[in-house]
Amino acid sequence: MTDFPAMLQALDEYHVEYIVVGGAAATAHGAARLTLDLDIVYRRTRENITRLVASLAPHQPYLRGAPPGLPFRWDAETVQRGLNFTLATAVGPLDVLGEITGGGGYDALVSRSQTLTLFGVACRCLSLEQLIVVKRAAGRPKDLEALAELEAIAEERRNL
Amino acid sequence: MARGDSRFDVDISLEPDPVIEAYKKDVDRTLIRENLKLTPEQRLRQLMKLQEFAEELQAGGRRTRRG
């Protein structure tokens, strides 16, 4: 299970700049589809990467699906050299993304996000409209069902 | 509008995509309407319960395959 409160509280404790995207963002907007991880887009500044690394370190991040014993070190240098990381952590699966297809990085997305209070934490979440825009731009067949649901949510909201 | 949702944008001005429109016919809007009565946090708590249930089902399946 994804422990959303633990993840968001860890990121908040270290003042990490991030935006919730993907399935969890869709859920926050009203989607009913099952998603098994938390996807975040983090700001790729040196300071923020240092905070991100420190925030997740207690939760033992490791590359998801990688064989045990792989020489993976969760540190600022690793994050700086990489971009997107699919992690298994003690509090659940977490995708730490420098960029997303169709949306770009944190700086491109932040003005298209909204602040939500979740589990006592103020966190930025990509807006419903922008989730749709990003998923459409990504153009992945696997997103079609999710896109249909997101657009249906937008229609239902307009009718409220 | 559900509690805590007042800042959500719904100003979608994209052209309808015929493929997405076709998929939309199968969306269960009753689930969406129920979700829209909840706060974003309540929706995430509900998702965690669903994940827990999915894990139980997977574990049950594994036990059955092992005999």
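1. Residues 1–10 of chain B keep a pLDDT under 50, and the model has 24 contacts beyond four places in sequence for them. pLDDT is the predictor's confidence in each residue, from 0 to 100; two residues are in contact if their C-beta atoms, placed from the backbone, lie within 7 Å. This is a predicted model, in which local features need pLDDT of at least 70 and side-chain atom pairs count only at pLDDT 80 or more, while totals for chains, interfaces and linings use all residues. Residues are numbered from 1 along each chain as its sequence is written, and chains are lettered from A and ligands numbered from 1 in the order in which they are written.

2. On confidence, the mean pLDDT of chain B is 85, with 81% of the residues at 70 or above. The model scores are ipTM 0.93 and pTM 0.91.

3. Chain B has three helices and zero strands, in the pattern α-α-α along the sequence. Helices (H or I, at least four residues) and strands (E, at least two) are DSSP runs, numbered from the N terminus. Of the 67 residues in chain B, 16% are buried, meaning that 20 or more other C-beta atoms lie within 10 Å of the residue's own.

4. The contact between the chains draws 35 residues from chain A and 32 from chain B. On the side of chain A that touches chain B, two or more residues come from each of helix H2 (22–29), strand S8 (113–118), helix H6 (128–138) and helix H7 (144–158). H7(A) gives the largest share, twelve residues. By type, this side of chain A has 19 nonpolar, eight polar and eight charged residues; Ala, Val, Leu, Ile, Met, Phe, Trp, Tyr, Cys and Pro count as nonpolar, Asp, Glu, Lys and Arg as charged, and the others, Gly among them, as polar.

5. Leaving out residues up to four places away in sequence, A:Ala25 touches A:Val20, A:Cys125, A:Leu126 and A:Leu131.

6. Chain A has an open sheet of seven strands with mixed pairing, in the order S3-S4-S5-S2-S1-S9-S8. S3 (62–63) and S8 of chain A are at the edges with a single partner strand each, so one side of each has no neighbour in the sheet. Strands pair if DSSP finds at least two bridges between them; S4 (residues 85–89) and S5 (residues 92–97) of chain A run antiparallel and are joined by five.

Methods: A residue is buried if 20 or more other C-beta atoms lie within 10 Å of its own, exposed if 12 or fewer, and partly exposed in between; C-beta atoms are placed from the backbone.
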